[in-house]
Structure formats: structure tokens, C-alpha cells
Amino acid sequence: MSAQDRSLQQYQQLLQLNAASHLLRIAREVGLLDALSTGQKTAEQLIEALQLRPEMAHRMLAALRATGAIEQYGEDFALAQVTRLLCEFDADLGDAMWEQLAVALKQDVAADTERYRNGLAATQWTHTRTAMEAAEMLNIGEDRAAPRILDVGCGSAVWSCAMAFRDEASTVTAVDHAAALEAATSTAQSIELGERFQTIEGDPHEVELPAEAFDLAIIAQRLHSESLERGSELLRRVQASLAEGGEVVVIDLFPTQSDPTAAVKLSEALEALKMELCTAAGSIRSPQQTQEQIAAAGFRPAQFTYLPASQINMGMLVARKQ
């Protein structure tokens, strides 16, 4: 393909991407997505209920089918499974968050870190495959048998539950605020962890953690959303909760390129921008920076690896307590 052909292809893709996003927003605005959320409906039923112009509505439905947002079964239309997965934190496709960007580019805006973390908790299930990969790479159940797992700032506990699922002798203690723990408990119940899953409610920076009581401490999708100072404080608290020979596992977003001028995946660039926009002092940091931070908190040199299953360039650091 020539350079001109690639440019034309990118041009078309850019216009189509923008058009598809507008289609979803308009479908939400006119009530079409809400109408289909209650069950399948024909085009005529939608047109009558929402008072739409028939010809335009039929074209709209065809375009939405092409995006994959809705599906058609005979004369009935229904929401696609992917559209049903949209939740409180992404039902608007992120509009409320991205609208702050124009302001933030010119002046300081108040970051809503709590909402950012709640959004992570609500959508953490999307990392299930990557969490299972991380558990496999850690060889839970063999090299690390019957671990007592501490999940600090657990969100919906996808990462720790994937590890506990591999070893029936393992246990999980999840630490976070009440809303996150509700999601975490639901995750644990879905894989029948039962009494192997316990919770400690509160701010991970403030709650009392049992001393030297755990073999493995998970800090997933949390450390880089903290300032370096706050993150180091969290690591020191985790270090004190680990038994002799215990390990910390840090799972977070990491850059794939050290050269800022090098090409990066759109998903990586968007996640980095989102963290900068939505957290007070968070930043995607390099593996080397995080290794130094972990070592300063009382751990031996950390081993780093990227998680290939991740769609947004997550990596994992593992370090043993000094």
C-alpha cells in the first residue's frame, strides 16, 4: 500500500470513527437505547414511541447495526451485548470526563480521583483475561502455593480473585471503600470463594492492616494514580503487612516506549491522558521509576514483565520483602 493510500484509509477511518461516536450519542439522546434496554422492538414500535421520522429512523437503525451497537432479529431490533455492558461510568461514552479536557489544557481543574477509581472498579471485569494471565505467570498454586493474599485498593477484586481461583487453599483479604467492596464481594461470589474471601472496609491509607499476616500483596491499577509520596506510603504499609518472604505484586499501566516521539497505541495514549486528567497527581511511570519506588519501600529488586493479554499495556512488578 502506498503512502497516499494509507493516508486516504486513515482519513476514512477517522471520519467513520467520529460518525459512529455521534450515532451512539444521538441514539442515547433521543431515547432509542433506553427503549431497547427494556426488550426487543420493531422499527415501527420505536418510531411511534419516540416520535421519529420513519425514513430517517430506518437509516439510523441500519447505521447503528453497522457499528455493532444494536442487532436485528427478523423485524425486531435489540441492544447488542457490548452496548448492554455500558454502566454508570461509561454510559455517556466518557463525555463528562473528556469535556473537561479543553479546560484542563489551559488551566487547573479539580481532579475527581474518587470517581476515576470508582469507574475502574466498575469496569475492572474487562481485565479478567489479563488477571488470569497474571495469576498463571505467578504460578499460583505451585511456586506460590496456598497464598494469603492482601488486595489493597481492590476495586472489584478481579486480580486477586483470579489468583485465588487457581488455588483452593488460598485466601483473599480485600481492602477498599464500601462501594468497591460491594463489587469485590460480587466477584468473589461469582467464583464461589465463600469464606476464603474477607474484606476490610476503609481508605487503604488509613485502615489498620494486620502485621506480617500475608504472603502476597496486590496493588492493582492503583499505584500510578497516586502521587509518588502517597504511593510510597502505601507500599510501606503493605511491606509491614507481609510475612517474612512475602511479596508485593504491582499491576499498573506502563509506557511501551521510552522515547516520547515514538508511535504509541491509541489505547495507551488515551489511558495516559485520562490518568493525567482525572487524578490529582497520578501519572503513567516507567518500570524503572516504579522499581526504584518499590525498593525504597523496603523490598528487594522487583522483576518486571508486560502482560500480553492487556489491551492497554499493563505490566506487572513482583518484589520480595527485605
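1. The second largest pocket of this predicted model holds about 350 Å³ of space. Its lining counts 24 residues. Thr113, Arg117, Arg222, Ser225 and Glu226 lie nearest the centre. Helix α8 gives the largest share of this lining, six residues. By type, the lining has seven nonpolar, ten polar and seven charged residues.

2. Charged side chains pair up here. Arg222 forms a salt bridge with Glu226, with the closest N and O atoms 3.1 Å apart. Arg222 is buried, at 5% relative accessibility. Glu226 is buried too, at 3%. Glu226 also meets Arg230 in a salt bridge, at 3.8 Å from N to O. Arg230 is partly exposed, at 36%. A network of salt bridges links Arg117, Arg222, Glu226 and Arg230.

3. Now the largest pocket. About 1,800 Å³ of space lies in it. It is lined by 47 residues, and Asp90, Leu93, Gly94, Trp98 and Lys274 lie nearest its centre. The lining divides into 24 nonpolar, 14 polar and nine charged residues.

4. Which domains supply the lining of the largest pocket? Domain 1 (3-93) and domain 2 (113-320) each give at least three residues. Helices α1, α5, α6, α8 and α13 each supply at least two.

5. The model has eight salt bridges in total. One of them joins Asp95 and Arg25, at 2.6 Å from N to O. Asp95 sits in helix α6 and Arg25 in helix α1, so the pair ties together parts 70 residues apart in sequence. Asp95 is buried, at 17% relative accessibility, while Arg25 is partly exposed, at 26%.

Key. Residues are numbered from 1 along each chain as its sequence is written. This is a predicted model: local features need pLDDT of at least 70, side-chain atom pairs count only at pLDDT 80 or more; totals for chains, interfaces and linings use all residues. Side-chain values use heavy atoms; hydrogens and water are left out. On a 1 Å grid over the protein atoms alone, a cavity is a set of points where a 1.4 Å probe fits but cannot get out, and a pocket is an open set with protein on both sides within 12 Å along at least five of seven lines; lining residues have an atom within 4 Å of a point. Grid points are joined across faces, edges and corners, and a volume is the space filled by probe spheres set on the points. Helices (H or I, at least four residues) and strands (E, at least two) are DSSP runs, numbered from the N terminus. Ala, Val, Leu, Ile, Met, Phe, Trp, Tyr, Cys and Pro count as nonpolar, Asp, Glu, Lys and Arg as charged, and the others, Gly among them, as polar. Domain bounds come from an automatic or database domain assignment. A salt bridge is a side-chain nitrogen of Lys or Arg within 4 Å of a carboxyl oxygen of Asp or Glu. Buried means under 20% relative accessible area, exposed over 50%, partly exposed in between (1.4 Å probe, protein chains only).
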